[in-house]
Amino acid sequence: MTEPDGAPRPPNAPPVPPHPLYLPEADEVVWAGRFPVQRVRFRYRKQDGSLSGPITWELLRRGQGTVILPWDPVTERIALIEQFRLPALAAGEEPVMTELPAGLVEPGEDPAETARRELEEETGLACGRMQPIGAFLLMQGSADERVHFQLAEVSLAVKPTRAGGLAAENEETVVRVVDTAEAFAMVAENRIRNAPAALALLWLQVNHARLRDQWTR
C-alpha cells in the first residue's frame, strides 16, 4: 500500500476500517514517525439517517498499550512510579508524574505478557496472579490508542529501591510504595494527576474487599 506520493504507507497507520456510519473521502499519512498522524476527510451518518457535513480530522495512531497496577494484598501496599513527562510540563503540570507502570503492546503480543515485561522493566517486581481490569480508550477525540489495564499481584514486604526504565530510551522510573488506603486518598484529593492511574485505583477501591478476600486465602 502506498501514499499518493508513491511512498509506502507505514504498517502502523492503516486506513480506518469500514463501518456503516463512516463515509471516507480521503485518508493520508502526514507524519510517519514513531506515532504516525493521518489526515482523514470523511462524513458520518447521523442518528436520523442523514449525512454530516464534511469533516477533516487529524488522527494519532498509537496502537495498543497496557497499564499495570502492582498490588500486594498481604501487606496492603501499592507500587507507584515517578518519572519525567514532557507533555505534563507542556500542560503546565509538574513534569515528574506519579503514575503506574505502562507500555506499548508490540504487534502480535498478548497484553498480559506486555504487562509482565513492563512491570519488571520499570519496577523490578515479579508478578504472581494477574486480573484484567478492562480495556479503555483514553483520547478518543484524537488517538486510536486502546489500553489494557491489569491488576498484578506483587510482594512489597521489602520495598524496591532501585531505579527502573530502559537505559536505551533514557528512561528513569523511581518506585514509590504507598499503603493502599493512601493511594485511594491520593486519587480522592487529586494528587494523582493522570487518568490511567486514577482509573485503575478507583477500580481497585470498588473491588478491594472482594479481591483481598480472594487473594489472601
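User: Which residues in helix 3 meet helix 4, and which residues in helix 4 do they meet?
Analyst: Please note at the outset that this is a predicted model. On the helix 3 side, the residues are Thr180, Ala183, Phe184 and Val187. They meet Ala198, Leu201, Leu202, Leu204, Gln205 and His208 of helix 4.

User: How many nonpolar, polar and charged residues does that contact have?
Analyst: The contact of helix 3 with helix 4 has seven nonpolar residues, three polar ones and no charged ones.

User: At what angle do helix 3 and helix 4 pack?
Analyst: The angle is about 125 degrees, and the axes of helix 3 and helix 4 are 10 Å apart. Helix 3 is therefore oblique to helix 4. The crossing of helix 3 past helix 4 is left-handed.

User: Back to Thr180. Is it buried or exposed?
Analyst: Thr180 has a relative accessible area of 2%, so it is buried. This residue belongs to helix 3, which covers residues 180-188.

User: Changing topic: where does Arg61 lie?
Analyst: Arg61 is in the loop between strand 3 (55-60) and strand 4 (64-72).

User: And is Arg61 buried or exposed there?
Analyst: Arg61 counts as buried because its relative accessibility is 11%, and the cut-off for buried is under 20%.

User: What lies 2.8 Å from a polar atom of its side chain?
Analyst: That is the backbone oxygen of Pro14. If residues up to four places away in sequence are not counted, Arg61 touches Asn12, Ala13, Pro14, Phe35, Pro36, Gln38 and Asp144.

User: What does Ala135 touch, not counting residues up to four places away in sequence?
Analyst: Ala135 touches Arg146, Val147 and His148. Ala135 and Val147 are twelve residues apart along the chain, and their C-alpha atoms are separated by 5.4 Å.

Note on methods:
Residues are numbered from 1 along each chain as its sequence is written. This is a predicted model: local features need pLDDT of at least 70, side-chain atom pairs count only at pLDDT 80 or more; totals for chains, interfaces and linings use all residues. Side-chain values use heavy atoms; hydrogens and water are left out. Helices (H or I, at least four residues) and strands (E, at least two) are DSSP runs, numbered from the N terminus. Buried means under 20% relative accessible area, exposed over 50%, partly exposed in between (1.4 Å probe, protein chains only). Axes are lines fitted to C-alpha atoms, for helices over the stretch in contact, and angles run from 0 to 180 degrees between N-to-C directions. Angles under 35 degrees count as roughly parallel, over 145 as roughly antiparallel, 65 to 115 as roughly perpendicular and the rest as oblique. A crossing is left-handed if the near helix is turned anticlockwise from the far one by less than a right angle, and right-handed if clockwise. Contact means heavy atoms within 4.5 Å. Ala, Val, Leu, Ile, Met, Phe, Trp, Tyr, Cys and Pro count as nonpolar, Asp, Glu, Lys and Arg as charged, and the others, Gly among them, as polar. A polar contact is a pair of N or O atoms within 3.5 Å; within protein, one must be able to donate a hydrogen and the other to accept it, and residues adjacent in sequence count only if both atoms are side-chain atoms.
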